[in-house]
Amino acid sequence: MLGRLIRARERHLSQRDRNRIVRPFEWGLSFITEQAAGSDPRQVLRRHAQRALERSAEFYTLPEVSDYRLVGQDLTWTSVVETPSPENNTVRAHFFPAPRHEASRAHARRPAVVILPQWNAQPDSHMELCRVLNRLGIAALRVTLPYHEARRPAELERADHLVSSNIGRTIQSMRQAVLDARAAVRWLSTVRGYDRIGIMGTSIGSCTAFLAYAHEPQIDVGVFNHVSGYFADVVWRGISTRHVREGFGDALTLEELREYWLPISPLPFITRLRETRTRPMRFIAARHDLTFPVDLSREVIAETRRAGLPLDVAWLPCGHYTSGERPWVYLDGWKIASFFRKHL
(Lines give C-alpha, C1' and ligand atoms only; values in the text may rest on other atoms or scores of the structure.)
Protein backbone atom coordinates (compact mmCIF):
# COMPACT_ATOMS: atom_id res chain seq x y z
CA MET A 1 0.00 0.00 0.00
CA LEU A 2 2.70 2.48 1.02
CA GLY A 3 4.74 1.50 -2.03
CA ARG A 4 1.82 2.25 -4.37
CA LEU A 5 1.31 5.65 -2.76
CA ILE A 6 4.98 6.51 -3.04
CA ARG A 7 5.16 5.45 -6.69
CA ALA A 8 2.08 7.53 -7.45
CA ARG A 9 3.74 10.47 -5.72
CA GLU A 10 6.88 9.88 -7.77
CA ARG A 11 4.93 10.04 -11.02
CA HIS A 12 3.16 13.19 -9.90
CA LEU A 13 6.41 14.93 -8.97
CA SER A 14 8.07 13.89 -12.23
CA GLN A 15 5.35 15.71 -14.18
CA ARG A 16 5.29 19.01 -12.30
CA ASP A 17 7.88 20.73 -14.52
CA ARG A 18 6.25 22.05 -17.71
CA ASN A 19 9.42 23.31 -19.37
CA ARG A 20 10.90 20.01 -20.50
CA ILE A 21 11.69 20.14 -24.19
CA VAL A 22 12.05 17.20 -26.55
CA ARG A 23 15.20 18.12 -28.44
CA PRO A 24 16.19 16.51 -31.74
CA PHE A 25 18.59 13.61 -31.81
CA GLU A 26 22.19 14.50 -32.67
CA TRP A 27 25.36 12.41 -32.83
CA GLY A 28 27.37 15.37 -31.50
CA LEU A 29 30.73 14.10 -32.73
CA SER A 30 32.26 17.59 -32.68
CA PHE A 31 32.01 17.57 -28.88
CA ILE A 32 34.37 14.59 -28.56
CA THR A 33 36.67 14.75 -31.59
CA GLU A 34 37.88 17.11 -34.30
CA GLN A 35 38.48 14.32 -36.80
CA ALA A 36 35.05 12.92 -37.56
CA ALA A 37 34.10 14.63 -40.84
CA GLY A 38 32.70 12.10 -43.29
CA SER A 39 33.00 9.21 -40.85
CA ASP A 40 30.35 6.73 -39.79
CA PRO A 41 29.14 8.22 -36.47
CA ARG A 42 28.55 4.78 -34.98
CA GLN A 43 32.14 3.78 -35.65
CA VAL A 44 33.45 7.08 -34.27
CA LEU A 45 31.48 6.70 -31.04
CA ARG A 46 32.38 3.03 -30.70
CA ARG A 47 36.11 3.77 -31.09
CA HIS A 48 35.86 6.73 -28.72
CA ALA A 49 34.20 4.62 -26.05
CA GLN A 50 36.74 1.82 -26.41
CA ARG A 51 39.68 4.20 -26.19
CA ALA A 52 38.21 6.07 -23.22
CA LEU A 53 37.65 2.82 -21.33
CA GLU A 54 41.11 1.46 -22.12
CA ARG A 55 42.76 4.76 -21.19
CA SER A 56 40.36 6.12 -18.62
CA ALA A 57 43.17 7.60 -16.53
CA GLU A 58 44.03 9.72 -19.55
CA PHE A 59 40.38 10.47 -20.39
CA TYR A 60 39.82 11.77 -16.85
CA THR A 61 43.26 13.36 -16.36
CA LEU A 62 43.07 16.71 -14.58
CA PRO A 63 45.51 19.34 -15.89
CA GLU A 64 46.84 22.10 -13.66
CA VAL A 65 44.29 24.59 -12.36
CA SER A 66 45.87 27.95 -11.51
CA ASP A 67 43.01 30.42 -11.06
CA TYR A 68 41.06 29.32 -7.98
CA ARG A 69 39.46 32.42 -6.45
CA LEU A 70 37.62 32.43 -3.13
CA VAL A 71 35.51 35.50 -2.33
CA GLY A 72 33.68 35.07 0.94
CA GLN A 73 32.24 31.58 0.63
CA ASP A 74 32.06 31.60 -3.18
CA LEU A 75 34.79 29.74 -5.05
CA THR A 76 35.36 29.95 -8.80
CA TRP A 77 37.89 28.59 -11.27
CA THR A 78 38.13 27.92 -15.00
CA SER A 79 36.97 24.48 -16.01
CA VAL A 80 39.64 22.44 -17.79
CA VAL A 81 37.00 21.44 -20.37
CA GLU A 82 36.10 24.29 -22.70
CA THR A 83 32.56 24.15 -24.03
CA PRO A 84 30.74 26.40 -26.55
CA SER A 85 28.93 28.15 -23.66
CA PRO A 86 31.20 30.75 -21.95
CA GLU A 87 29.02 30.83 -18.82
CA ASN A 88 29.51 27.12 -18.35
CA ASN A 89 33.29 27.32 -18.48
CA THR A 90 33.56 28.97 -15.07
CA VAL A 91 33.08 26.46 -12.27
CA ARG A 92 31.25 27.75 -9.21
CA ALA A 93 31.17 26.28 -5.73
CA HIS A 94 30.04 27.32 -2.26
CA PHE A 95 32.45 26.66 0.60
CA PHE A 96 31.35 25.72 4.10
CA PRO A 97 34.48 25.69 6.27
CA ALA A 98 34.31 23.87 9.57
CA PRO A 99 34.95 26.69 12.10
CA ARG A 100 37.22 24.77 14.43
CA HIS A 101 39.47 23.73 11.54
CA GLU A 102 39.82 27.25 10.22
CA ALA A 103 40.64 28.53 13.69
CA SER A 104 43.55 26.10 13.99
CA ARG A 105 45.35 24.86 10.90
CA ALA A 106 47.30 22.50 13.16
CA HIS A 107 44.21 20.46 14.03
CA ALA A 108 44.99 16.74 13.95
CA ARG A 109 42.17 15.87 11.52
CA ARG A 110 40.87 18.17 8.84
CA PRO A 111 38.06 16.36 6.96
CA ALA A 112 36.13 17.86 4.05
CA VAL A 113 33.52 16.62 1.57
CA VAL A 114 32.81 17.59 -2.04
CA ILE A 115 29.03 17.72 -2.61
CA LEU A 116 27.50 17.19 -6.08
CA PRO A 117 23.72 17.81 -6.34
CA GLN A 118 21.17 16.27 -8.66
CA TRP A 119 20.25 17.23 -12.22
CA ASN A 120 18.46 20.61 -12.38
CA ALA A 121 19.15 21.22 -8.70
CA GLN A 122 18.06 24.58 -7.34
CA PRO A 123 20.66 26.96 -5.85
CA ASP A 124 19.76 25.97 -2.28
CA SER A 125 19.91 22.24 -2.95
CA HIS A 126 22.19 20.32 -0.56
CA MET A 127 23.10 23.49 1.33
CA GLU A 128 21.48 22.18 4.51
CA LEU A 129 23.46 18.96 4.20
CA CYS A 130 26.63 21.06 4.10
CA ARG A 131 25.56 22.79 7.31
CA VAL A 132 24.89 19.42 8.97
CA LEU A 133 28.39 18.27 8.02
CA ASN A 134 29.75 21.50 9.49
CA ARG A 135 28.05 20.72 12.79
CA LEU A 136 29.86 17.38 12.73
CA GLY A 137 33.19 19.15 12.27
CA ILE A 138 33.44 18.43 8.54
CA ALA A 139 33.99 21.14 5.92
CA ALA A 140 31.94 20.98 2.71
CA LEU A 141 32.30 22.31 -0.82
CA ARG A 142 29.05 22.30 -2.79
CA VAL A 143 29.89 22.34 -6.52
CA THR A 144 27.52 23.62 -9.20
CA LEU A 145 27.23 21.07 -12.00
CA PRO A 146 27.82 22.02 -15.66
CA TYR A 147 25.02 24.07 -17.24
CA HIS A 148 23.35 24.68 -13.86
CA GLU A 149 22.47 27.94 -12.08
CA ALA A 150 24.94 30.68 -13.09
CA ARG A 151 26.60 28.23 -15.48
CA ARG A 152 23.41 27.85 -17.53
CA PRO A 153 23.33 29.70 -20.87
CA ALA A 154 20.57 32.27 -21.28
CA GLU A 155 18.82 30.25 -23.99
CA LEU A 156 18.16 27.33 -21.61
CA GLU A 157 15.50 27.07 -18.91
CA ARG A 158 16.86 23.73 -17.70
CA ALA A 159 20.29 22.10 -17.68
CA ASP A 160 19.47 20.30 -20.92
CA HIS A 161 23.05 20.13 -22.17
CA LEU A 162 24.20 17.95 -19.27
CA VAL A 163 21.91 15.07 -20.25
CA SER A 164 20.40 15.14 -23.71
CA SER A 165 19.72 13.27 -26.93
CA ASN A 166 22.98 14.76 -28.24
CA ILE A 167 25.30 11.81 -27.57
CA GLY A 168 28.65 13.59 -27.90
CA ARG A 169 27.62 16.65 -25.93
CA THR A 170 26.44 14.49 -23.03
CA ILE A 171 29.81 12.72 -22.99
CA GLN A 172 31.65 16.06 -22.96
CA SER A 173 29.38 17.46 -20.24
CA MET A 174 29.79 14.46 -17.95
CA ARG A 175 33.55 14.41 -18.46
CA GLN A 176 33.57 18.09 -17.54
CA ALA A 177 31.53 17.37 -14.41
CA VAL A 178 34.01 14.69 -13.30
CA LEU A 179 37.03 16.91 -13.90
CA ASP A 180 35.35 19.80 -12.08
CA ALA A 181 34.84 17.45 -9.11
CA ARG A 182 38.49 16.40 -9.19
CA ALA A 183 39.52 20.06 -9.31
CA ALA A 184 37.38 20.69 -6.23
CA VAL A 185 39.19 17.88 -4.42
CA ARG A 186 42.53 19.36 -5.44
CA TRP A 187 41.59 22.78 -4.05
CA LEU A 188 40.53 21.30 -0.73
CA SER A 189 43.72 19.28 -0.37
CA THR A 190 46.45 21.47 -1.86
CA VAL A 191 45.11 24.98 -1.22
CA ARG A 192 43.15 24.54 2.01
CA GLY A 193 45.17 21.69 3.49
CA TYR A 194 42.37 19.20 4.22
CA ASP A 195 43.86 15.77 4.80
CA ARG A 196 40.75 13.55 4.74
CA ILE A 197 38.44 14.09 1.79
CA GLY A 198 35.11 12.54 0.94
CA ILE A 199 32.82 12.89 -2.04
CA MET A 200 29.05 12.64 -2.18
CA GLY A 201 26.68 12.94 -5.11
CA THR A 202 22.93 12.62 -5.61
CA SER A 203 21.36 11.13 -8.75
CA ILE A 204 23.49 12.32 -11.70
CA GLY A 205 25.78 13.79 -9.07
CA SER A 206 26.15 10.24 -7.73
CA CYS A 207 27.31 9.01 -11.14
CA THR A 208 29.75 11.93 -11.38
CA ALA A 209 31.02 11.35 -7.87
CA PHE A 210 31.63 7.65 -8.54
CA LEU A 211 33.63 8.38 -11.69
CA ALA A 212 35.71 10.92 -9.76
CA TYR A 213 36.13 8.44 -6.87
CA ALA A 214 37.40 5.80 -9.29
CA HIS A 215 40.02 8.14 -10.77
CA GLU A 216 41.02 10.44 -7.89
CA PRO A 217 43.33 8.80 -5.33
CA GLN A 218 43.00 11.73 -2.90
CA ILE A 219 39.36 10.85 -2.21
CA ASP A 220 39.18 8.77 0.97
CA VAL A 221 35.44 8.08 1.33
CA GLY A 222 32.53 7.97 -1.12
CA VAL A 223 28.77 8.16 -0.60
CA PHE A 224 26.62 7.67 -3.69
CA ASN A 225 22.99 8.68 -3.26
CA HIS A 226 20.87 6.76 -5.86
CA VAL A 227 22.93 4.34 -7.91
CA SER A 228 22.89 2.66 -11.29
CA GLY A 229 25.56 0.97 -13.37
CA TYR A 230 24.63 2.24 -16.82
CA PHE A 231 24.05 5.89 -17.69
CA ALA A 232 22.11 4.97 -20.83
CA ASP A 233 19.64 2.68 -19.05
CA VAL A 234 18.61 5.40 -16.59
CA VAL A 235 17.99 7.84 -19.44
CA TRP A 236 16.15 5.22 -21.50
CA ARG A 237 13.91 3.90 -18.72
CA GLY A 238 13.68 6.53 -15.98
CA ILE A 239 10.55 8.65 -15.61
CA SER A 240 12.60 11.84 -15.21
CA THR A 241 14.18 11.52 -18.66
CA ARG A 242 11.22 10.54 -20.79
CA HIS A 243 11.63 13.68 -22.88
CA VAL A 244 15.28 12.78 -23.54
CA ARG A 245 14.30 9.25 -24.53
CA GLU A 246 11.68 10.67 -26.89
CA GLY A 247 14.38 12.77 -28.56
CA PHE A 248 16.28 9.64 -29.58
CA GLY A 249 13.25 8.24 -31.38
CA ASP A 250 14.29 5.21 -33.44
CA ALA A 251 17.73 6.56 -34.35
CA LEU A 252 19.50 3.91 -32.28
CA THR A 253 18.93 1.11 -29.79
CA LEU A 254 19.48 1.04 -26.05
CA GLU A 255 22.34 -1.41 -26.57
CA GLU A 256 24.09 1.05 -28.89
CA LEU A 257 23.59 3.99 -26.55
CA ARG A 258 24.81 1.93 -23.60
CA GLU A 259 28.02 1.18 -25.50
CA TYR A 260 28.62 4.81 -26.50
CA TRP A 261 28.01 6.05 -22.96
CA LEU A 262 30.09 3.42 -21.17
CA PRO A 263 32.88 5.94 -20.40
CA ILE A 264 30.40 7.98 -18.34
CA SER A 265 28.84 4.95 -16.63
CA PRO A 266 29.96 3.63 -13.22
CA LEU A 267 29.81 -0.10 -14.00
CA PRO A 268 32.96 -0.41 -16.17
CA PHE A 269 35.05 1.23 -13.46
CA ILE A 270 34.12 -1.04 -10.56
CA THR A 271 37.05 -3.32 -11.35
CA ARG A 272 39.35 -0.29 -11.44
CA LEU A 273 38.69 0.16 -7.73
CA ARG A 274 40.29 -3.21 -7.06
CA GLU A 275 43.58 -1.71 -8.22
CA THR A 276 43.45 1.13 -5.70
CA ARG A 277 43.74 1.24 -1.93
CA THR A 278 40.72 0.09 0.04
CA ARG A 279 38.36 2.99 0.71
CA PRO A 280 34.96 3.01 2.44
CA MET A 281 31.94 3.63 0.24
CA ARG A 282 28.21 3.60 0.73
CA PHE A 283 25.53 3.12 -1.90
CA ILE A 284 22.13 4.58 -1.04
CA ALA A 285 19.18 3.31 -3.06
CA ALA A 286 15.42 3.81 -2.85
CA ARG A 287 13.06 0.83 -2.90
CA HIS A 288 10.41 2.65 -4.96
CA ASP A 289 12.69 4.55 -7.34
CA LEU A 290 11.24 5.04 -10.83
CA THR A 291 13.99 7.41 -12.00
CA PHE A 292 16.87 5.06 -11.20
CA PRO A 293 14.88 1.82 -11.65
CA VAL A 294 15.44 -0.50 -8.71
CA ASP A 295 16.72 -3.43 -10.78
CA LEU A 296 19.54 -1.19 -12.05
CA SER A 297 20.47 -0.33 -8.47
CA ARG A 298 20.44 -3.98 -7.45
CA GLU A 299 22.60 -4.86 -10.45
CA VAL A 300 25.37 -2.38 -9.66
CA ILE A 301 25.29 -3.37 -5.98
CA ALA A 302 25.69 -7.03 -6.95
CA GLU A 303 28.53 -6.26 -9.38
CA THR A 304 30.38 -4.27 -6.75
CA ARG A 305 30.08 -7.08 -4.23
CA ARG A 306 31.15 -9.66 -6.83
CA ALA A 307 34.29 -7.60 -7.33
CA GLY A 308 35.08 -8.15 -3.66
CA LEU A 309 34.98 -4.47 -2.79
CA PRO A 310 33.98 -3.30 0.70
CA LEU A 311 30.52 -1.84 0.27
CA ASP A 312 27.91 -0.53 2.68
CA VAL A 313 24.38 -0.40 1.26
CA ALA A 314 21.51 1.63 2.70
CA TRP A 315 17.98 1.25 1.33
CA LEU A 316 15.47 4.07 1.72
CA PRO A 317 11.74 3.16 1.99
CA CYS A 318 10.76 5.83 -0.57
CA GLY A 319 11.48 6.87 -4.16
CA HIS A 320 13.79 9.20 -6.05
CA TYR A 321 11.86 12.46 -5.73
CA THR A 322 10.36 11.59 -2.36
CA SER A 323 13.82 11.13 -0.85
CA GLY A 324 13.92 14.92 -0.89
CA GLU A 325 10.66 15.21 1.07
CA ARG A 326 9.94 14.82 4.76
CA PRO A 327 10.41 12.49 6.52
CA TRP A 328 12.63 10.65 4.04
CA VAL A 329 14.97 13.60 3.50
CA TYR A 330 16.01 13.43 7.15
CA LEU A 331 16.72 9.71 6.93
CA ASP A 332 18.67 10.18 3.70
CA GLY A 333 20.67 13.04 5.20
CA TRP A 334 21.56 10.96 8.23
CA LYS A 335 22.64 8.01 6.08
CA ILE A 336 25.01 10.39 4.29
CA ALA A 337 26.32 12.41 7.23
CA SER A 338 26.77 9.48 9.62
CA PHE A 339 28.93 7.59 7.13
CA PHE A 340 31.26 10.54 6.73
CA ARG A 341 31.30 11.08 10.47
CA LYS A 342 32.42 7.47 10.95
CA HIS A 343 35.04 7.28 8.20
CA LEU A 344 36.54 10.76 7.78
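**Figure 1. Charges and overall form of the predicted model.** This is a predicted model, and in it the mean positions of the 48 positive and 37 negative charges of the protein lie 7 Å apart. The protein has 12 helices and nine strands. Its radius of gyration is 19 Å, close to the 20 Å given by the globule rule for 344 residues, so the protein is as compact as a globular protein of that length. The C-alpha trace spans about 60 × 55 × 45 Å along its principal axes, and the accessible surface comes to about 14800 Å², with 48% of that surface belonging to carbon and sulfur atoms. Of the 344 residues, 58% count as buried, and among the contacts with a separation of 6 or more, 74% are accounted for by residues 24 or more positions apart.

**Figure 2. Strand 3 and its pairing with strand 2 and strand 5.** Strand 2, made of residues 74–78, pairs in the antiparallel sense with strand 3, residues 90–96, over five bridges. Within this pairing, threonine 78 has threonine 90 of strand 3 as its bridge partner. Strand 3 is also joined by four bridges to strand 5, residues 139–143, and these two strands run antiparallel. Here the bridge partner of phenylalanine 95 is leucine 141, which belongs to strand 5.

**Figure 3. Surroundings of glycine 229.** Glycine 229 is found in the loop that lies between strand 7 (221–225) and helix 8 (231–237). With a relative accessibility of 2%, glycine 229 counts as buried, because buried means under 20% relative accessible area. When its neighbours within four places in sequence are left aside, glycine 229 is in contact with Ser265, Pro266, Leu267, Leu296 and Val300. Arginine 69, by comparison, is 160 residues from glycine 229 in sequence, and the two are 35 Å apart in space from C-alpha to C-alpha.

Figure 4. Arginine 196 is found in strand 6, which comprises residues 196–202. Its relative accessible area is 26%, and arginine 196 is therefore partly exposed, since that class lies between the limits of 20% and 50%. Leaving aside neighbours within four places in sequence, the residues in contact with arginine 196 are Arg110, Pro111, Ala112, Asp220, Val221, His343 and Leu344.

Key. Residues numbered from 1 in each chain as written. Predicted model: local features only at pLDDT ≥ 70, side-chain atom pairs only at ≥ 80, totals over all residues. Heavy atoms only, no water. Buried < 20%, exposed > 50% of the residue type's maximum accessible area, 1.4 Å probe, protein only. Contact = heavy atoms within 4.5 Å. Rg over C-alpha atoms; globule rule 2.2 N^0.38 Å. Areas by Shrake-Rupley, 256 points an atom, 1.4 Å probe, with all protein chains shown as cover. Lys, Arg positive; Asp, Glu negative; His and termini not counted. Charge placed at Lys NZ, Arg CZ, Asp CG, Glu CD. Pairing = 2+ DSSP bridges.
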